[in-house]
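Student: I have a model open and some questions about it. Can we go through it step by step?

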Amino acid sequence: MEKIEELKVENLSFSFGFKEILKNINFKLNKGEVVSIVGPSGGGKTTLLHLCAKLLTLEDGKIRNSFNSSSFAFQEARLLPWKNVIDNIALGLRAKNIKKENANDLAKNIALKFGLQIDDFEKFPKDLSGGMKQRVSFARALVLNPSVLFLDEPFSALDIGLKKELQSLLIEEINTNKLSILFITHDLMEAIKLSDEILVLKAEPVGHIVKSFKIDTPREKRDDSFVYEQTAKLLSDEYIINTFELGFK
Ligand SMILES: Nc1ncnc2c1ncn2[C@@H]1O[C@H](COP(=O)(O)OP(=O)(O)OP(=O)(O)O)[C@@H](O)[C@H]1O
Ligand SMILES: [Mg+2]
């Protein structure tokens, strides 16, 4: 029997010292699906993602991750300053003992797909723009061909055109390789374009999920007008208004 790959979070709570950050979080990510987490700054989104990726130790509740492999793109790029673009992207491949030549070829390929130029390959992080660093960091995660990808606002420093290109690239990976993604974003339109489920995380009094929206329309049918329409709908939802404090006083 084939193993079921999934990530299941049950009754998760977490504190930093005496400060409660997350309370009673429950959700599930299935193979080939995208779950995104939206919510205001400081609400515990990054903390939740780090817990799911085992970058923080769980205190309370359960996380069951049966995906075969995972990789992570951090909110800040975290590139190694002494390595150039290609060596940074190839880092995880080299750690998996893939030969330098092969690793570099894979890294160059994905770098081009991510809109980096051949002229950029030898550059060091200090000579890259914020958006370029973000692309390198995202490429470094995707080049590993993981079953599940943890993404912490990977598109925040990108212009609209590039954002769209990389979103399409992700959709292609979901369709062809059944990539699964747990995704943090501030951008409701992005969440609507990519997700099967959107979880709304409210910060007050402690980070908790106030609502989940499921989107059944196939991703390839989500054109601009679908995304605008759904965004308008979400923005008039009382939970979204309340969570993001959008109400006019
Ligand atoms: N290592 C840490 N030690 C103590 N407190 C922390 C630590 N990391 C985060 N926090 C606190 O936990 C809370 C949630 O932070 P987190 O980074 O998870 O929020 P976020 O929702 O990702 O915010 P943003 O949208 O701004 O990225 C914040 O109050 C933050 O100050
Ligand atoms: Mg964050």
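Tutor: Start with the word domain: the bounds used here come from an automatic or database domain assignment. Keep in mind that this is a predicted model.

Student: How far apart are the centres of domain 1 and domain 2?

Tutor: Domain 1 covers 1-69 + 148-249, and domain 2 covers 79-145. The centres are taken over C-alpha atoms. Their separation is 26 Å.

Student: How many residues does each domain give to the contact?

Tutor: Contact here means heavy atoms within 4.5 Å. On that basis domain 1 gives 16 residues. Domain 2 gives 10 residues.

Student: Which feature does UniProt place at residues 7-231?

Tutor: That span is 35% helix and 27% strand. Its end C-alpha atoms lie 27 Å apart. The UniProt entry is unreviewed, and the feature it places there is "domain: ABC transporter".

Student: Turn to ligand 1. Which side chains have an N or O atom close to one of its oxygen atoms?

Tutor: A polar contact needs a pair of N or O atoms within 3.5 Å. One side-chain N or O atom lies 2.7 Å from a ligand 1 oxygen, and it belongs to Lys45. Another lies 2.8 Å from a ligand 1 oxygen, and it belongs to Thr46.

Student: What share of ligand 1 does the protein bury?

Tutor: Taken alone, ligand 1 exposes 630 Å². The protein covers part of that area. The buried share is 62%.

Student: Which element gives the largest share of the shell around ligand 1?

Tutor: There are 14 residues around ligand 1. They divide into 3 nonpolar, 8 polar and 3 charged. The largest share is 3 residues, and it comes from H1.

Student: Now the backbone. Which two residues does a cis peptide bond join?

Tutor: Look in the loop between strand E8 (197-202) and strand E9 (208-214), where Pro205 sits. Omega at the cis bond is about -5 degrees. The bond joins Glu204 and Pro205.

Student: What is the phi of Lys54?

Tutor: Lys54 lies in the loop between H1 and strand E4 (60-65). Lys54 is not a glycine, yet its phi is positive. The value is about 65 degrees.

Notes
Residues are numbered from 1 along each chain as its sequence is written. Chains are lettered from A and ligands numbered from 1 in the order in which they are written. This is a predicted model: local features need pLDDT of at least 70, side-chain atom pairs count only at pLDDT 80 or more; totals for chains, interfaces and linings use all residues. Side-chain values use heavy atoms; hydrogens and water are left out. UniProt positions are given in the numbering used here, feature names are shortened, and annotations may be inferred rather than shown by experiment. Helices (H or I, at least four residues) and strands (E, at least two) are DSSP runs, numbered from the N terminus. A residue is near a molecule or strand if one of its heavy atoms lies within 4 Å of it. A polar contact is a pair of N or O atoms within 3.5 Å; within protein, one must be able to donate a hydrogen and the other to accept it, and residues adjacent in sequence count only if both atoms are side-chain atoms. Accessible areas come from the Shrake-Rupley method with a 1.4 Å probe; for residues, only the protein chains shown count as cover. Ala, Val, Leu, Ile, Met, Phe, Trp, Tyr, Cys and Pro count as nonpolar, Asp, Glu, Lys and Arg as charged, and the others, Gly among them, as polar.
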